Amino acid sequence: MSLQAPLRPGTTTTGSIRSVDADKTTGRRGGRSNWPVTVLLVVCALSVLVPLYVTLTMAFKTTAQSVDGNAFSLPAPFSVDGFVQAWQLTDFPRAFGVSVFVAAITVVGTILLASFTAYAIARNWDRRLFRWSFFYLLAAMFLPFPVLALSQVKLTGMAGLDNPVGVAILHVMFQLSFSVLLFTAFLRSIPAELEESARIDGASTGQVFWQLVFPLLAPMSATVGIFAFLASWNDFVMPSLITSNPALQTLPVLQQMFQTQFSNNYNVSFASYLMAMAPAIIVYLITQRWVMAGVTQGAIK
């Protein structure tokens, strides 16, 4: 029976001795800050935070303060007159309701239609029709709305969809490609054996999808829904071209229409901007962890 001497600290199983100094040097290099990247990130953060700070301070100033030439000063006195005037001038409750209506249809329609499409493609990838359908949808990502604006305006007018419903349908269509890409990547991580077991128990394809697959898609559904909401809520070009009735316009378009009436009342202008972007900021801050988690899981799996 042979005995093996215990290894000394810093010695490998092959008998070679590691360089402790080299390990320390490597550790120092691994923990060294990348200053160019840090500076770039700070500049990018400031490019967002500084305008946001100006928007907040200007919105709570009086009209006299907003034109004194000092945009970075704090409100003194603190005033909400800008919000009151913006609320009345733009008929904010009605425009807010239209934007919520369009965003809700966009989110629900995108999640349902994209999940259906991705499930069919992912489970029939060996069939040429489904595989080429996926490539066709990917190619549609390179066709933004401004390129197709003229034809879409003509078609929606002929179909009687020159209203918020038509805008929501177009939002779903233009969100479909990217959403199908995310869902397809996520579905490939779900073992097909789970569905086979359910089918052996007598479940139909619809039951398998709704009772088994769709609940597993919750992280990616949250991610797709958030992207669809932000794209719909912040969109200006599509509703401005599609909706023919000015009374049914969304918040971004309505703000542009009333821009001339704001005149030099910068506090009213910034209050209106803040009210319009506040829902999107709040939604993103609450759900940003789901966005990152869903994208990461879809990429890794």
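The legends below describe close-up views of a predicted model. Local features need pLDDT of at least 70 and side-chain atom pairs count only at pLDDT 80 or more, whereas totals for chains, interfaces and linings use all residues. Residues are numbered from 1 along each chain as its sequence is written, and side-chain values use heavy atoms, with hydrogens and water left out.

**View 1. The largest pocket and its lining.** A pocket is an open set of points, on a 1 Å grid over the protein atoms alone, where a 1.4 Å probe fits, with protein on both sides within 12 Å along at least five of seven lines; lining residues have an atom within 4 Å of a point. The volume of the largest pocket is about 540 Å³, a volume being the space filled by probe spheres set on points joined across faces, edges and corners. Its lining comprises 22 residues, and Ala-140, Leu-143, Met-173, Phe-174 and Gln-175 lie nearest the centre. At least two lining residues come from each of α6 (128–140), α7 (145–158), α8 (164–187) and α12 (237–242); helices are DSSP runs (H or I, at least four residues) numbered from the N terminus. Helix α8 gives the most, seven residues. By class, the lining of the largest pocket has 17 nonpolar, four polar and one charged residue; Ala, Val, Leu, Ile, Met, Phe, Trp, Tyr, Cys and Pro count as nonpolar, Asp, Glu, Lys and Arg as charged, and the others, Gly among them, as polar.

**View 2. The second largest pocket.** About 200 Å³ of space lies in this pocket. Its lining consists of Trp-233, Asn-234, Leu-251, Pro-252, Gln-255, Tyr-273, Ala-276, Met-277, Ala-280 and Ile-281. Helices α13 (251–257) and α15 (266–300) each supply at least two of the lining residues, and α15 accounts for the largest share, five residues. Eight residues of this lining are nonpolar and two are polar, with no charged residues.

**View 3. The crossing of α5 and α10.** The axes of α5 (residues 92–123) and α10 (residues 205–216) come within 12 Å and cross at roughly 115°; axes are lines fitted to C-alpha atoms over the stretch in contact, and angles run from 0 to 180 degrees between N-to-C directions. Helix α5 is therefore roughly perpendicular to α10, a term for angles of 65 to 115 degrees. The crossing is right-handed, that is, the near helix is turned clockwise from the far one by less than a right angle. Ile-111, Leu-112, Ser-115, Phe-116 and Tyr-119 of α5 make the contact with Thr-205, Val-208, Phe-209, Trp-210, Val-213 and Phe-214 of α10, contact meaning heavy atoms within 4.5 Å. Nine of these residues are nonpolar, two are polar and none is charged.

**View 4. The crossing of α9 and α10.** The axes of α9 (residues 192–200) and α10 come within 10 Å and cross at roughly 145°. Helix α9 also passes α10 in a right-handed crossing. The contact involves Leu-194, Glu-195, Ala-198 and Arg-199 of α9, together with Thr-205, Val-208, Leu-212, Val-213 and Leu-216 of α10. Six residues of this contact are nonpolar, one is polar and two are charged.

**View 5. The cis peptide bond at Pro-77.** Ala-76 and Pro-77 are joined by a cis peptide bond with omega of about 10°. Pro-77 belongs to the loop between α3 (63–66) and α4 (81–89).

View 6. Phe-270 and Gly-82 are 188 residues apart in sequence, yet 8.0 Å apart in space, C-alpha to C-alpha. Neighbours within four places in sequence aside, Phe-270 is in contact with Thr-55, Met-58 and Ala-59.

Notes
Parallel < 35°, antiparallel > 145°, perpendicular 65-115°, else oblique.
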